[in-house]
Amino acid sequence: MKSIIFIAPPAAGKGTQSMYICEKYNLTHISTGDLLREEVKSGNEFGKQIQEIMESGSLVSDDIILKLLTNKLDEIKNGYVLDGFPRNVSQAKEYDKILENINQKLNYVIYLNLPKELAKKRITGRISCPNCGNVYNEEIEESKPLINNICDKCHTSLVKRKDDNEETFEKRYETYINETEPLVEYYKNQGNLFIIDSTLPKEEISKQIENIIND
Ligand code: AMP
């Protein structure tokens, strides 16, 4: 069973690339951000608490994430890509324990490296499809949808995430540097880290990921 995780600053393309890889290799896509957004959509008290944290740009507590994740992992029979988990070293350690218990190994850690200024530019124009998850950018010519605000793939109206604004970006980026980026060292020591320059076109990034997985 193949397992792949991504380490990436906001808007480096981890959602786009993980969806692509899942389709290509028939893997299950697990986005902890999507799992949380589903809880928020339910509109209950728990969802409201999560929404506040997400909109502040901080991380949701490890307990909540691990519960959502283990429920999801229990359903999975094939390989999977984790998009947005682990987000800190303590989650990575917990994940190592989960894998050990089920006698599995983490195969690939893909680090998408992107300078802050580019991440910021990508985030403020980002719009995505609430139906199929395809991501576009209103401010970057080659990433615009063919028809203004309509998904090329499934023709659903595109939406902007509430946390995709400049102010929340600053906090999300800070959270990334302080909490998530230390995972690069963590996995370097485990020997399964692959670094990709995320300023490259998305097709080139996909190709590099395929080369890593096919090796
Ligand atoms: P994402 O969709 O991966 O950009 O995540 C959006 C937001 O959800 C993040 O800014 C966090 O507030 C929260 N989140 C997603 N994944 C995690 C995680 N593994 N641990 C804690 N918070 C998370």
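User: How many cavities of 30 Å³ or more does the count come to?
Analyst: The count comes to 1 cavity of 30 Å³ or more. A cavity here is a set of points on a 1 Å grid, over the protein atoms alone, where a 1.4 Å probe fits but cannot get out. This is a predicted model: local features need pLDDT of at least 70, side-chain atom pairs count only at pLDDT 80 or more, and totals for chains, interfaces and linings use all residues. Side-chain values use heavy atoms, with hydrogens and water left out, and residues are numbered from 1 along each chain as its sequence is written.

User: How much space lies in the largest cavity?
Analyst: About 40 Å³. Volume is the space filled by probe spheres set on the points, with grid points joined across faces, edges and corners.

User: Which residues line the largest cavity?
Analyst: Phe6, Ile7, Ala8, Lys14, Gly84, Pro86, Arg87 and Thr180. Lining residues have an atom within 4 Å of a point. By class, that lining has 4 nonpolar, 2 polar and 2 charged residues. Ala, Val, Leu, Ile, Met, Phe, Trp, Tyr, Cys and Pro count as nonpolar, Asp, Glu, Lys and Arg as charged, and the others, Gly among them, as polar.

User: Switching to helices. Which residues of H8 are buried?
Analyst: In helix H8 (residues 182–190), Leu183, Val184, Tyr186 and Tyr187 are buried. Their directions fall within an arc of 165° seen down the H8 axis, so they line one face of the helix. Buried means under 20% relative accessible area, exposed over 50%, partly exposed in between (1.4 Å probe, protein chains only). The arc is that of the directions from the helix axis to the C-beta atoms. Helices (H or I, at least four residues) and strands (E, at least two) are DSSP runs, numbered from the N terminus.

User: What covers the buried residues of H8?
Analyst: The cover includes strand S1 (3–7), helix H5 (89–101), strand S4 (108–113), H7 and strand S7 (193–197). Contact means heavy atoms within 4.5 Å.

User: And what comes just after H8?
Analyst: Gly191, with a positive phi of about 85°.

User: What about H6, which residues are buried there?
Analyst: Ala119, Lys120, Arg122 and Ile123, in helix H6 (residues 116–124). Down the axis of H6 they fall within an arc of 165°, so they line one face of the helix. They pack against strand S5 (126–128), strand S6 (135–137) and helix H7 (166–180).

User: Last one. Is Ser31 buried or exposed?
Analyst: Ser31 is buried, at a relative accessible area of 7%. Ser31 sits in strand S2 (residues 28–31). Leaving aside neighbours within four places in sequence, Ser31 is in contact with Arg37 and Asp83.

Notes. On a 1 Å grid over the protein atoms alone, a cavity is a set of points where a 1.4 Å probe fits but cannot get out, and a pocket is an open set with protein on both sides within 12 Å along at least five of seven lines; lining residues have an atom within 4 Å of a point.
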